[in-house]
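Please keep the sequence and the 3D view at hand while reading the points below.

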Amino acid sequence: VMMLEAQLLGIEDLSDSYMASVEFSGMIREDASSGPAPFREVWNMTKAKAGASGWLVAGVQALQ
């Protein structure tokens, strides 16, 4: 990852968990012989209200 930006799109308070959507964008280089390429994705994540677990990725959507 050459450059990374993140923006919280929204967070939803569900009955027993939270769901957040975060847009990640920037420049990534897949291997040393290629140049950087732009990427843009939305990650949907969930976190249980009870317990000490962290955020879990529920889905990733590529926008480019």
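E23 and R40 form a salt bridge in this predicted model, and their closest N and O atoms are 2.9 Å apart. The pair links distant parts of the chain, with E23 in strand β2 and R40 in strand β3, 17 residues apart.

**Salt bridges**

- The structure holds 2 salt bridges.
- In the bridge between E23 and R40, E23 counts as buried because its relative accessibility is 16%, under the cut-off of 20%.
- R40 has a relative accessibility of 35% and therefore counts as partly exposed.
- A salt bridge also joins the side chains of D13 and K49, at 2.4 Å from N to O.
- D13 belongs to strand β1 and K49 to the loop between β3 and β4, so this pair ties together parts that are 36 residues apart in sequence.
- D13 is exposed, with a relative accessible area of 53%, which places D13 over the cut-off of 50%.
- K49 counts as partly exposed, at 36% relative accessibility.

**Strand pairing**

- Strand β2 covers residues 17-28 and strand β3 covers residues 37-48.
- These two strands, β2 and β3, pair in the antiparallel sense over 12 bridges.
- Within this pairing, F24 stands opposite E41 in β3.
- Strand β3 is also joined to strand β4 (residues 56-62), by 6 bridges.
- Strands β3 and β4 run antiparallel.
- The bridge partner of M45 is V57, in β4.
- In a regular strand, side chains alternate between the two faces of the sheet.

**Nonpolar surface patch**

- Which residues form a nonpolar patch on the surface? The patch consists of L8, I11, Y18 and W55.
- Together, these four residues, L8, I11, Y18 and W55, have about 410 Å² of accessible area.
- One of them, I11, is found in strand β1, which spans residues 3-13.
- Is I11 buried or exposed? I11 is exposed, because its relative accessible area is 54% and the cut-off for exposed residues is over 50%.

Definitions and conventions. Residues numbered from 1 in each chain as written. Predicted model: local features only at pLDDT ≥ 70, side-chain atom pairs only at ≥ 80, totals over all residues. Heavy atoms only, no water. Pairing = 2+ DSSP bridges. Helix = DSSP H or I, 4+ residues; strand = E, 2+ residues; numbered from the N terminus. Patch = residues over 30% accessible without salt bridge, like charges linked within 9 Å, V, L, I, M, F, W, Y side chains within 5 Å. Areas by Shrake-Rupley, 256 points an atom, 1.4 Å probe, with all protein chains shown as cover. Buried < 20%, exposed > 50% of the residue type's maximum accessible area, 1.4 Å probe, protein only.
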